[in-house]
Amino acid sequence: MATSLPAGQNMGSGARESGGVRPVVMSGEELVARLEAAGATLLALPARGYSTRLRTMHFDVVHTALDAYGWQAPALRPPMPGAAAISDMDEVFSWLGLIPEQKYLLRRIVGARALVHPLTGRHLFAWRKLGALLGADHKSVQRWHGQGLEILRARLAG
């Protein structure tokens, strides 16, 4: 028999006011670095589970000489993150729950900007792309990101 949780309570995230998060004092640059490292770890995890890869067929009638004989360069894959990096990722992403639910837009922006490609170091969502997705100016998105970081810093400091 499943029990329902009260609204706004996470299962096991440890990111609630009941003392689940230890006080952490860090600068804004350190907070951004931790968020981006967690995003890179998340994107470096291997994709598991069901996919449609085997269901789709692609018939190429004309092959180039390099493709036909397997001379394609292999796709670069990031190395599998270690257990400590995955635990740190879980802790850092649980901090997003510290941003109040009324400010869910700030939570989404901070979470989206945390996603950094593990090999190139580039953000998956540029400021202008986030602005277009949210229907806002990219300068507003930057300001909201800063507000979300300030809320996180204040809540983490206790």
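1. Contact means heavy atoms within 4.5 Å of each other. Take arginine 107 as a test case. This residue sits in helix H4. Helices here (H or I, at least four residues) and strands (E, at least two) are DSSP runs, numbered from the N terminus. Setting aside neighbours within four places in sequence, arginine 107 contacts Leu96, Gly97, Ile99, Pro100 and Glu101. Its C-alpha atom is 9.8 Å from that of tryptophan 95, twelve residues away in sequence.

2. Some ground rules. The model is predicted: local features need pLDDT of at least 70, side-chain atom pairs count only at pLDDT 80 or more, and totals for chains, interfaces and linings use all residues. Residues are numbered from 1 along each chain as its sequence is written, and side-chain values use heavy atoms, with hydrogens and water left out.

3. Overall make-up. The chain has six helices and zero strands. From the N terminus, the order of elements is α-α-α-α-α-α. Of the 158 residues in the chain, 25% are buried. Buried means under 20% relative accessible area, exposed means over 50%, and partly exposed lies in between (1.4 Å probe, protein chains only). By that scale, arginine 107 is partly exposed, because its relative accessibility is 26%.

4. Surface and contact range. The accessible surface of the chain is about 11400 Å². Carbon and sulfur atoms account for 58% of that surface. These areas come from the Shrake-Rupley method with a 1.4 Å probe; for residues, only the protein chains shown count as cover. Among contacts between residues at least 6 apart in sequence, 69% join residues at least 24 apart.

5. Helix H3, residues 83-94. The expected span of a helix is 1.5 Å times one less than its number of residues. Met89, Val92 and Ser94 of H3 are buried. Helix H1 (28-44) is included in what covers the buried residues of H3.

6. Helix H6, residues 138-157. Its 20 residues should span 28 Å, and the end C-alpha atoms lie 29 Å apart, which agrees. The buried residues in H6 are His138, Ser140, Val141, His145, Gly148, Leu149, Ile151, Leu152 and Leu156. They pack against H1, H4 and H5. Just after H6, glycine 158 has a positive phi of about 95 degrees.

7. H1 against H6. Two packed helices are described by the angle between their axes and the distance between the axes. H1 and H6 pack at about 100 degrees, with axes 10 Å apart. Axes are lines fitted to C-alpha atoms, for helices over the stretch in contact, and angles run from 0 to 180 degrees between N-to-C directions. H1 is therefore roughly perpendicular to H6. Angles of 65 to 115 degrees count as roughly perpendicular, under 35 as roughly parallel, over 145 as roughly antiparallel, and the rest as oblique. H1 contributes Gly28, Leu31, Val32 and Leu35 to the contact, and H6 contributes Leu149, Leu152, Arg153 and Leu156. The residues of this contact divide into six nonpolar, one polar and one charged. Nonpolar covers Ala, Val, Leu, Ile, Met, Phe, Trp, Tyr, Cys and Pro; charged covers Asp, Glu, Lys and Arg; the others, Gly among them, are polar.

8. H4 against H6. The axes of H4 (residues 104-113) and H6 come within 9 Å and cross at roughly 95 degrees. These two helices are therefore roughly perpendicular to each other. Leu105, Leu106, Ile109, Val110 and Arg113 of H4 meet Val141, Trp144, His145, Gln147, Gly148, Leu149, Ile151 and Leu152 of H6. The residues of this contact divide into nine nonpolar, three polar and one charged.

9. Glycine 131. This residue is in helix H5 (residues 127-134). Glycine 131 is buried, because its relative accessible area is 3%. Beyond four places in sequence, glycine 131 touches Ala136 and Val141. Its C-alpha atom is 9.7 Å from that of isoleucine 109, which is 22 residues away along the chain.

10. Leucine 115. This one lies in the loop between H4 and H5. Leucine 115 is buried at 17% relative accessible area. Not counting residues up to four places away, leucine 115 touches Gly39, Leu42, Leu43, Arg122, His123, Leu124 and Phe125. Alanine 37 is 78 residues away in sequence, yet its C-alpha atom is 8.5 Å from that of leucine 115.
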